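Please read this briefing beside the sequence and the structure. It goes through helix packing, sheets, an aromatic pair and some backbone details in turn.

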Amino acid sequence: MGKPTGFMEYKRQDKVAEAPKSRIKHFKEFHSPLLREEQEIQGARCMGCGVPFCQSGMMLNGMASGCPLHNLVPEWNDLIYHGNWEEAYYRLVKTNNFPEFTSRVCPALCENACTCGLNEEPVTAKANEYGIIENAYVKGYAAANPPKVRTGKKIAVVGSGPSGLAAADQLNKRGHSVTVFEREDKAGGLLRYGIPNMKLEKQIIDRKLSIMEEEGVEFRTGVNVGKDIKAAELLKEYDKVILTCGASNPRDIQVPGRDAGGIYFAVDFLKSTTKALWANAMKLKEGDYISAKGKHVMVIGGGDTGNDCVGTAMRHGAKSVLQLEMMPKAPDQRAEDNPWPEWTRICKTDYGQEEAAAIFGKDPRVYTTTVKEFLKDKKGNVCKATLVKLETKKDEATGRTVMVEISGSEYAVEVELVLIAAGFLGSEEYVTKAFGVETDQRTNVLTTSGQYMTNVANVFTAGDMHRGQSLVVWAIREGREVAQQVDLSLMGYTNLSVQ
C-alpha cells in the first residue's frame, strides 16, 4: 500500500482547472497537472484496502461501482508513491489499453467507490493515472512494441471508437493481422468527433493511433462498411469480423416545429466544431461550422453530451445558453438510500455549466422541463420555443414513475439554435442489415449474455453497438473481452487477459 498513515497526513490535491472566463477563449485542455512530487504524495493517500472497491467494477442497484476495467489502482498508487513510475505504467496498461483517454474523459468510477471517500475526500486515482501515462510517453515506456510472431489470421474491425480500438490493440498484440475500418476521415469514433477538444485534444488520439500503426494495425478511413464495401467481401477476406460501430442513432424529439432551421443533433454540432478547428489550425472560421456565436442557444439534455454542447457554445460566444433537463434536480449530498459504495446520485456541476454561470450569472440548467413546440420566423428558422413544466407521477398500469406535463405551466423563450442531446437509440440499421445480425428492441446487436458472437458465423460485436450508449471505460472493457473470445475461436485457446 501507499504510506500507512498517508490518508491521515495528506489532503487531496487534484489537477487545477483554468478559470472559466479564461478557458472559454480557447479549445485546449484546461487542467494543469500536478508536479511529480505532488503526484507521489497523492499516491501515498491510498489506503491499500483489504477490499478495494475502486477496482471492483461491480453493479450495485443498477449502477457500476468501481472501475469496470478492474484497474489495479492500489498497486499503481503504491508504486508512484515509492517513485517506481515505470512499473506503475506496466501495471496500468495491464488492464487498460488507453489510459491517455480514460484519465481525461472517464467520470472516475474508481474515485466514487474509494474507501477513503467515506470520511475524507477520495484518492486522486484519475489524476494519478494521467500522471503515469503522460510520464510513460515522456520516458519512452509507451513506445511501440510490435509482436514478434504473426499467426497468419486476419481480423476486420468495423468502427474505430474505444471498443474497436481496444479489440484491435489486443488482437494485434496476440499476433493476428488487424484492419480497422472507419467511415469518417479520421479514426477515433466518438472519441474524436463526439468529445470536444477541451476534454480530449485530438493529438492525444493521433499519438496512440501512430503507435498502433507502428505495431502493425492497419487503419482504413473514409470506408463506410455496408455502403462502400459489402459485408460479404469482409467475410470472404477476413477470418473474423468485429462490429464496433457504436450506438450512433441519436434520439430525436417529436414536437410541432421540429422541422425548423437551426435545430441540430448534438453530435453534429460537436463534430462540426472539431472538424473546423482541425481544418483551420485550431481557430474557427465562420461558415465552416454550426455556430452559436451571438445566438440564444437551447440544449435539450442534461448528460455529458449536453454539457459539452454548453461548453462549446460558450467558446463560440453564445448570447445566452439554456439547458433543459426532464428529471428533477438531484440532491446536493448523498442520500441515505444511496449508500457508499454505490455511484453517488448527486447534482454535479460540470465545466460547461460552470462557464455559463461565470458569464451569465446563473446555472444554465432548468429542471423538470421539456419542449412542447418550436416556433419559426419568416425564413423557417427557429425563433422561439414553448416550454412546459413536468412533475413525477406513478403510472398505475406499469407501476413506473413517469414525467407528465403540468397543465397551464407553458411559457415561451427566445431561441435561435437548438441542440438535441437526448442520448442515442442504438446501432444503425444499414450496418446490421448488411451483416444480417439480429438486434433487440433497442436495436442493440444481440448475443448470448456474457458473449460477443452474433447469430452470424464469424461475426462478433462489442461496445455501444452491443450494450447501448455507455461510458468509454465500458467500451474498452467490451473491446478487450470480444478480443479474448475472437482469439479463442481462432486459436482454440487464448492468452489474452481481460482483467
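Helix α4 (residues 73-81) packs against helix α8 (residues 125-139) at an angle of about 60 degrees, with their axes 11 Å apart. The structure is a predicted model, in which local features need pLDDT of at least 70 and side-chain atom pairs count only at pLDDT 80 or more, while totals for chains, interfaces and linings use all residues. Residues are numbered from 1 along each chain as its sequence is written, and side-chain values use heavy atoms, with hydrogens and water left out.

**Terms for elements and axes**

- Helices (H or I, at least four residues) and strands (E, at least two) are DSSP runs, numbered from the N terminus.
- Axes are lines fitted to C-alpha atoms, for helices over the stretch in contact, and angles run from 0 to 180 degrees between N-to-C directions.

**Helices packing on α8**

- The angle of about 60 degrees between α4 and α8 makes α4 oblique to α8, where angles under 35 degrees count as roughly parallel, over 145 as roughly antiparallel, 65 to 115 as roughly perpendicular and the rest as oblique.
- The crossing of α4 and α8 is left-handed, a term used if the near helix is turned anticlockwise from the far one by less than a right angle, with right-handed used if clockwise.
- On the α4 side the contact (heavy atoms within 4.5 Å) is made by Val 73, Trp 76, Asn 77 and Ile 80, and on the α8 side by Ala 125, Asn 128, Glu 129 and Ile 132.
- The residues of this contact of α4 with α8 divide into five nonpolar, two polar and one charged, where Ala, Val, Leu, Ile, Met, Phe, Trp, Tyr, Cys and Pro count as nonpolar, Asp, Glu, Lys and Arg as charged, and the others, Gly among them, as polar.
- Helix α3 (residues 36-44) also packs with α8, at an angle of about 135 degrees and with the axes 10 Å apart, which makes α3 oblique to α8.
- The crossing of α3 and α8 is left-handed, and Arg 36, Gln 39, Gln 42 and Gly 43 in α3 meet Ala 127, Asn 128, Gly 131, Asn 135 and Lys 139 in α8.
- In the contact of α3 with α8, the residues divide into one nonpolar, six polar and two charged.

**Helices α14 and α15**

- Helix α14 (residues 304-316) and helix α15 (residues 351-360) pack with their axes 7 Å apart and at an angle of about 40 degrees, which makes α14 oblique to α15.
- The crossing of α14 and α15 is left-handed.
- From α14, Asn 307, Asp 308, Val 310, Gly 311, Met 314 and Arg 315 meet residues of α15 that include Tyr 351, Glu 355 and Phe 360.
- The residues of the contact of α14 with α15 divide into six nonpolar, four polar and three charged.

**Two open sheets**

- Strand β5 (residues 154-158) and strand β6 (residues 177-182) pair in the parallel sense over five bridges, and Val 158 stands opposite Phe 181 in β6.
- Another open sheet is formed by five strands in the order β9-β17-β10-β11-β12, and its pairing is parallel.
- In that sheet β9 (263-265) and β12 (365-366) stand at the edges, each with a single partner strand, so one side of each is left without a neighbour.
- Strand β10 (residues 296-300) and strand β17 (residues 417-420) pair in the parallel sense over four bridges, with Leu 419 in β17 as the bridge partner of Val 299.
- Helix α13 (residues 266-279) packs on the sheet, touching β9 and β17, and its direction makes about 85 degrees with that of β9.

**An aromatic pair**

- A search of the whole structure finds six aromatic pairs, where rings of Phe, Tyr and Trp (its six-membered ring) pair if their centres lie within 6.5 Å, and planes under 30 degrees apart count as stacked, over 60 as edge-to-face and the rest as tilted.
- Phe 30 and Tyr 351 form a tilted pair, 5.8 Å centre to centre and with 45 degrees between the planes.
- This pair links distant parts of the chain, 321 residues apart, with Phe 30 in the loop between α2 (20-23) and β2 (31-32) and Tyr 351 in helix α15.

**Backbone details**

- The peptide bond from Trp 340 to Pro 341 is cis, with omega near 10 degrees, and Pro 341 lies in the loop between β11 (320-324) and α15.
- Asn 61, in the loop between β3 (58-60) and β4 (63-65), has a positive phi of about 55 degrees although it is not a glycine.

Terms used. Two strands pair if DSSP finds at least two bridges between them.
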